[in-house]
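Here is a short briefing on one protein chain. Keep the structure open while you read.

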Amino acid sequence: MGAPVGTTGAQLSRSQWAFAFALVTSLFFTWGFAYGLLDVLNAHFQEVFQITKLQSTLLQLAYFGAYFVFAPAASVLMDKHGYKKGIHVGLTLYSLGAIFFWPSAKFQKYGGFVGCTFVIGCGLSTLEVAANSYITVLGTPKYAAARLNFSQGFQGVASFAGPMIASRWFFLGKNATSLDTVQWVYLAVAGLGLILNILFYFCPLPEITGDALAQEMHEVGLSNDEEPFWKQYKCIFGWIAQTAYVGAQVGVASFAVNYMVDQNIGISKSHASQLFSYCQITFTVGRFVGVGLLNFIDPALLLSIYAIACSAFCLGVSFSPGAAGIGCLFTLFFFESICYPVIFTLATKNLGKWTKTGSGLIVMGVGGGAWYPPAQGSIANSNTRISYLVPFSGYVAMAIYAIGMVIDQTVKGGFRFRTVDEIAERKKHVDALGPKEKVSDDELDKKDEVVYVENV
């Protein structure tokens with residue numbers, strides 16, 4: 001028996017929860033594979049079309065620009081028609097974009113590849129709004145960041161599979177100057193999207209609505225969503241942080257192959273592509289390590305630590321020569337691992353009826369990947385190493401947001417080292433006050449502060 005319309009993640013049975021979680025998590029592999037191939041195509045097209053590093057970033061501009069343009073529309077679609085229809089639209093666009101790589105490769109049109117990449121980006125932005133939001137609300141808020149990190153870990157698995165395939169098929173022998181293998185790889189990508197679309201059509205997916213989430217909040221005195229959306233400041237600033245972080249992440253990955261070759265320690269493009277896949281493995285391992293840490297450590301606090309580490313190692317990449325710079329690059333990939341999903345969960349937490357709208361805004365932040373690579377590419381044309389100062393600025397912006405969230409939590413309810421289930425804690429307070437007494441959000445915050453002071 002399916003969950004009723006208007007359910008919350010906490011109301012699903014264990015079997016319903018496990019099925020929904022596994023099905024939606026499969027989507028993360030889909031866009032991870034596409035993203036993993038994108039950065040390698042960047043370097044491959046420089047060789048095939050004889051274009052500059054800056055010109056090759058048109059792929060990133062199209063892919064991530066689609067997120068900026070299409071994510072808000074995707075959130076409106078899902079607010080009206082639900083997660084499942086949004087997933088169907090996303091997978092359809094994804095398959096269409098991938099299948100048109102075939103004629104683009106056949107006629108060797110770089111503009112065709114850019115256009116197809118934009119369509120794929122529109123599909124993936126829709127899937128990201130659906131999947132990230134659904135996983136976040138699919139259960140207790142206490143483990144939302146850990147849950148999303150676990151699902152996003154499978155995106156990481158696909159991300160290193162992409163460069164590994166490319167290193168064997170795109171750069172070796174006659175394939176180094178040919179597009180034949182590109183068309184076959186993307187035909188397989190289109191087939192994967194079609195299969196997933198069919199699976200989602202026949203499989204029931206419990207719908208979690210904004211109204212049900214709002215009711216769950218209101219029952220424990222949380223009334224954040226009664227304010228207009230433009231006053232949801234954690235979400236608005238989260239969008240800025242996500243835009244800056246994704247821009248930085250994409251810039252780092254886009255020129256990783258070029259960076260390793262330009263370090264002048266005898267690394268070829270094929271070898272650099274293989275090393276880049278190892279960077280993605282490091283990123284993926286970091287995701288699963290993050291799952292364990294986020295089960296115990298407060299997400300805002302852990303994000304602050306990781307953001308500072310990203311900033312430091314990005315400077316290391318910019319100023320360290322040879323193998324030391326490559327070592328800093330690998331470490332940077334590790335500390336990037338939890339950033340996107342943690343920003344997402346912090347920014348969309350307790351949005352109630354605004355949950356899908358907020359999810360669309362945060363996914364729209366992925367559009368930062370459209371303008372960081374061109375800015376970095378303009379510097380990389382003369383010095384790839386120094387160009388990594390551009391993504392450094394994005395990590396600093398993320399660190400400011402994360403530290404601000406820690407300060408905000410500390411002011412309102414005391415410093416947190418351990419992760420807490422805010423709704424469950426507030427429910428205890430409400431139950432302790434009795435059924436006839438009503439409690440406001442401010443009163444609960446004051447009560448939390450008193451408890452904190454007493455504990456100290």
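**Briefing: helices, a surface patch and a salt bridge**

Trp184 sits in helix H8. This is a predicted model. The protein chain holds 20 helices and zero strands. Of its 456 residues, 58% are buried.

**Whole chain**

- The accessible surface of the protein chain is about 18200 Å². Carbon and sulfur atoms account for 67% of that surface.
- Take the contacts between residues at least 6 apart in sequence. Of these, 83% join residues at least 24 apart.

**Nonpolar surface patch**

- Which residues form the nonpolar patch on the surface? They are Leu96, Ile99, Phe100, Trp184 and Leu187.
- Together these residues have about 490 Å² of accessible area.
- Helix H4 (83-99) and helix H8 (180-202) are the elements that give two or more residues to the patch.
- Trp184 has 52% relative accessibility. The cut-off for exposed is over 50%, so Trp184 counts as exposed.

**Packing of H3 and H4**

- Two packed helices are described by the angle between their axes and the distance between those axes.
- Helix H3 covers residues 58-81. The axes of H3 and H4 come within 7 Å and cross at roughly 140°.
- H3 and H4 are therefore oblique to each other. The cut-off for roughly antiparallel is over 145 degrees.
- On the H3 side, Phe70, Leu77, Met78 and His81 make the contact.
- On the H4 side, the contact residues are Tyr83, Lys85, Gly86, Val89 and Leu93.

**The salt bridge**

- How many salt bridges does a search of the whole structure find? The search finds one.
- Its partners are Asp408 and Lys234. The closest N and O atoms are 3.5 Å apart.
- Asp408 lies in helix H18 (residues 389-413), and Lys234 lies in helix H10 (residues 233-254). The pair therefore ties together parts that are 174 residues apart in sequence.
- Asp408 is partly exposed, with a relative accessible area of 24%.
- Lys234 also counts as partly exposed, at 35% relative accessibility.

**Helix H16**

- Is helix H16 (residues 355-364) largely enclosed or open? Nine of its 10 residues are buried, so H16 is largely enclosed by the rest of the structure.
- The buried residues of H16 include Thr355, Lys356, Gly358, Ser359 and Gly360.
- Leu361, Ile362, Val363 and Met364 of H16 are buried too.

**Asn149 in H7**

- Asn149 belongs to helix H7 (residues 144-169).
- Buried or exposed? Asn149 has 0% relative accessibility, so Asn149 counts as buried.
- Set aside its neighbours within four places in sequence. Asn149 is then in contact with Arg287, Val291, Leu294, Ser337, Ile338, Pro341 and Val342.

**Trp17 in H1**

- Trp17 is part of helix H1 (residues 14-48).
- Trp17 is partly exposed, with a relative accessible area of 30%.
- Trp17 and Gly139 are 122 residues apart along the chain. Their C-alpha atoms are separated by 8.1 Å.

Notes:
Residues numbered from 1 in each chain as written. Predicted model: local features only at pLDDT ≥ 70, side-chain atom pairs only at ≥ 80, totals over all residues. Heavy atoms only, no water. Patch = residues over 30% accessible without salt bridge, like charges linked within 9 Å, V, L, I, M, F, W, Y side chains within 5 Å. Areas by Shrake-Rupley, 256 points an atom, 1.4 Å probe, with all protein chains shown as cover. Salt bridge = Lys/Arg side-chain N within 4 Å of Asp/Glu carboxyl O. Helix = DSSP H or I, 4+ residues; strand = E, 2+ residues; numbered from the N terminus. Buried < 20%, exposed > 50% of the residue type's maximum accessible area, 1.4 Å probe, protein only. Contact = heavy atoms within 4.5 Å. Axes fitted to C-alpha atoms, helices over the stretch in contact; angles between N-to-C directions. Parallel < 35°, antiparallel > 145°, perpendicular 65-115°, else oblique.
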